[in-house]
Structure formats: C-alpha cells, structure tokens
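I opened my notebook to look up side-chain contacts, starting with charges and moving on to rings. Here is what I wrote down.

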Amino acid sequence: MELRSGMKVSRPLAHDSSNRKRARLGDAVPAADLCPHLPTELLEMIFRTLDKKSLLRIRLTCRRWREIVDRKVSLQNRFGIVFPRGLVMNRKFRPENLFPAIFALLQQNKIIRVGLWWPSFGERLTTLFIWNCEISLPTFLEMLRYTPNLSELDMRGAIYTSTDEPRTADFKLHKLHTLDVGFTARAFDVYSKIFPSLTSLIAPKRLNNTHQLESCHLIRSVQTTLEKLAIRFTPFVLDQMSSMDQLRLRTVFLSGESNNAVMLSRIQPSIEQLFVLDHSLTSAQICETGKNLPNLKKIDTTVDLDGTSTASFLANMVQLTHLRIQGVRSPSLNFCGHKTPKLRALDLKTFDLAQNCLQSYLKYCQNLRILRLESCTVHSWSEILSDELPSSLRHLTLRKIHVLENRAIFTHRTFNFENVSIGSCNVSASWIIQLVKLCPQIDYLYINETCVDDATVEEICRQARRLRVLCLHNCNITDVSVEPMVEHCSELRWLRVFPKETLSMVAYDRLRRAKNVKISYL
C-alpha cells in the first residue's frame, strides 16, 4: 500500500503475547553476515537504489543488513506502519512484522494501554496519526512521552474515554510542529504545556465557550512560532488574538461569519495565504481584505460580486501568486485591465467571463503555470487558447466550459502544456486532436468526452508520443484502442479508464505485457 508521497506502508499483525508459538517476523533472521567483507557504507549505497519491497526483503536476509536498514535514516524514511482497524491495544497486545518506521497510523482502534514494544517504536516516529480511536488521556500522554522526535500529530476524530484525566504532563515535545486535533477539544490545556513549538494548528470548527478560551490559551502559548492556523474565528477568538502582539500568521483557514475576514486582516496583516472555507465574501470585503494584507500571495474563496462585474479586488493584490475564486449564481466577471505579474496559478469556477477579458488578463501573467476553468462561459476558444497565452503555462484544466461560438481553435502556435484535462466541454473529436497536436510536450492527458472513439485515440497516440498517463472517462472506445497505445506511446506508464468494462481484460493484459502499464479504474 502506498501512502503519503510514495511511502511504503506495512500492515503489522497483532497477537496476544501469551501465544508463545508464534514468532515475530523480525526475529526470524539468520545470524550470519552474507557479505562480511563489504563495508557498511557501500551496502548503504546499494540499499538506497532498491525499491521498497526489495528493501523489506533485504532487512530479513541477515542480522547485519537488518541493522543497516534500521539505523540509516535515509532508508527508514521510506517506510510507514498502518495498524489494522478494530484492534484492542492493551498490555497483552504485541504487533508482529514491526520494523522501525517514521510514520504510523492507528485508525478505529481501542487503545487501553501500550506495551513494552511502544517505547523503542515510538522513539523513531516523526509522524503519528490517531484517527477515530478510543483512548484515555493518560494513555495518550504515555504514548507521547516516548515520541521525542515527533514533528506531526493528527488526532482527527479521537475520543477521550476517561473522566479522571490528569491535566498536567512532566515532558515537552519540542520537535512537534504540526498539530491537527480534529473534533477533539478536551485537552487544549494540556497541549499548551507539552507542545511549545507549534508552527501549524488545526482546531475543531465547533468549540464551546470553555474550549474557545482554552484554544486561545494554546495559541497564545505558541504565538512566537505559530504560522498556520485553522479554527472557527468567532468574535471572542478575534478579540483574544488582537492582544497577541507576537503572533505573525502566514497561512489561515478561515471559518465563521463573512465579516471575520476583514477583522482578521486588520489584526494579522502578515497573512500570505488565506482560505475562506464556509462563506462568500462580497466585493467590498475582498477589496478591503486585500488592502489590509500587503503580502497576500494566495487566496481561495467564494465571491458574491453584488452585481459588480469588475475584479477590482486585484488592484490591492500585487503580490498574488495563486488565485482561486468561485462565483455565486454565475456572475459576470471582467478583469478590466488588471495585471498580476507574479501569478502562477489561476482557478476560476462558475463565472460568465466578459468578452476578451481573460485573454487580455493572461497576456500579462507571464509566470502563469496552472490554469483551471470550471463551469465558466466564454465567448470563443480563442480567449483561452490564444497566441498571447504565456509560454510558462504547463497545466490546463477545462471542465464544463460553455462557449458561445464553439468553433475550432484558431491558432498555429504550439503550447508548452504538460498536463491537460478536458471534461464535459461539448467539444468535437477533431477539436481534441487539434489541441493535442499543439501540445508536443504533453505527458498527462485526461478526457471526459463521449465524442472520443477508437480513431480519436489512435490519432492522439500518434501525436502525443511523450504521453505517460492517459485517462479516458466515459469515452466510446473498444479494445481496438489498445494497439495504437502499444505502437506509438513508448513512454506510456499508466492508463486510467472508466467504466472498467470499457475495455476487456484481454486488452488490459495486452498493455501490461507489452508496456508494463499500470491499470486503474476511475
């Protein structure tokens, strides 16, 4: 199983320690050294070239090799442990096949006590997820006591079960920087004592008055280090934060009333990334927010333009690199000569774009790399795929685009797109082929259009010879499409198809044998 950026995950077995007949996998290792004359440094270099499965086998070959894998941080960083769901962890619990890892996930377990195996295992952990587990606060603190290197803790959905919980701890985790408490707010007062160096805090969205006060105490205790905060910004929380003179937030996930964005921007002008989660901002609110945040680089929000179509808020966001906005009730949007020269990603959803406004705006976004449009209306395709489109653009996503003049692409320039996604845009097969011809560097292509048939796929394969990932969703193709993939797409490594029955198992096996292509079903 792969989890978190390619990390190899092992699922250890568990049994009662009274069962003496079962030996742990880690103990069944021969004592002899298979290569006694090879220096340790050379073996480490060799092991780093192995894939994850081979590295696990190497660890079981001999005791010396196991010690090398267990000791070398660069090798440990490639592995994690996922414990089976439904476990009851008590003193008799002992996991099998447990190797040193930096990542561990416990999910839907009942944790009563941890045994003697935990201290040595927890000492190496840097990331710990405890999801939807029942655990008492004393047991939780005992687990943390033996995780001195922990840097990320996620308590999403954890349930504290005991009522006689101690509110003190005699240790601190100075390396812990990221804390996600999910829905659990009962131990905020303890967190403020043992996590003195937090840089990222994700708190529950709903807090009663007591928990609001405790969460503010936690924020105050780490105000010199905290940079990222997700919490429900009530008037009380904002009032408390206004007195935290050393707090300098950089990233905020904002939930609460819409006017809280303006209030927050006044007391935290250091914010660089703002995500507005559960409400929309009016044109006036987003304008003032941008004015109060001179270093704002990224904003993600829903906007209610109140009948005003001009994107006047951009005038106050000269440092913006990422803009993701969604309109309310498909409003008209006009960029009206605004320039955002540092913009790298533009994501627009549910807008009626004024004629030629997008084309004129993109002309001055010479650093743009990502363009996503969804449920938008444009006058013609030339407003998106124009001769003046920035050459820096690498990712293009078009979903549910309504084009008033749905004609062919009128341009003869080539684009530098590497990643292209087209879905439900009501385009023709010839339109898709023409776009692919204009993208010689394309290596990822996603298509969700019923117009695509076997002939279309064949022409795509002829034109996109660098294609590595091909995703075909609701396309009218048959097994005939497989042969062009084998013949023309020499670099194809991944095919994703929906529905699964679109191609036969014979076709899938043909791809696997001929190209070693991974097959998945969307």
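**Salt bridges**

I looked up Glu272 first: with a relative accessible area of 17%, Glu272 is buried (buried is under 20% relative accessible area, exposed over 50%, partly exposed in between, with a 1.4 Å probe and protein chains only). Helices (H or I, at least four residues) and strands (E, at least two) are DSSP runs numbered from the N terminus.

A note on the source: this is a predicted model, where local features need pLDDT of at least 70 and side-chain atom pairs count only at pLDDT 80 or more, while totals for chains, interfaces and linings use all residues. Residues are numbered from 1 along each chain as its sequence is written, and side-chain values use heavy atoms, with hydrogens and water left out.

How many salt bridges does the structure hold? I found 15. One of them joins Arg145 and Asp170 at 2.9 Å, N to O. Arg145 is in helix 6 (residues 137–145) and Asp170 in the loop between strand 12 (159–160) and strand 13 (178–180), 25 residues apart. Arg145 is partly exposed at 35% relative accessibility, and Asp170 is exposed at 64%.

Next I checked Asp509 and Arg512, whose closest N and O atoms are 3.1 Å apart in their salt bridge. They are three residues apart in helix 16, so about one helical turn separates them. Asp509 has a relative accessible area of 32% and is partly exposed; Arg512, at 34%, is partly exposed too. I also noted a network of salt bridges linking Asp300, Arg324, Asp347 and Arg372.

**Rings**

I counted ring pairs of Phe, Tyr and Trp (its six-membered ring), with centres within 6.5 Å; planes under 30 degrees apart are stacked, over 60 edge-to-face, the rest tilted. The count comes to 14 aromatic pairs. Phe335 and Tyr361 are stacked, 4.2 Å centre to centre with 5° between the planes. Phe335 sits in the loop between strand 20 (332–333) and strand 21 (345–349), and Tyr361 in helix 12 (residues 357–362), 26 residues apart. Both Phe335 and Tyr361 are buried.

Trp381 and Trp431 are tilted, at 4.7 Å and 45°. Why does this pair tie together parts that are 50 residues apart in sequence? Trp381 lies in the loop between strand 24 (377–380) and strand 25 (395–399), whereas Trp431 lies in helix 13 (residues 429–437). Trp381 is buried at 1% relative accessibility, and Trp431 is buried at 3%. I also found a cluster in which ring pairs link Phe83, Phe93, Trp117, Trp118 and Phe121.

**Charges over rings**

Which ring does the charged end of Lys339 sit over? I found the ring of Tyr364, with its centre 4.3 Å away (NZ of Lys or CZ of Arg must be within 6 Å of the ring centre and within 35 degrees of the ring normal). The charged end of Lys518 sits over the ring of Trp494, 5.8 Å from its centre.

How values were computed
A salt bridge is a side-chain nitrogen of Lys or Arg within 4 Å of a carboxyl oxygen of Asp or Glu.
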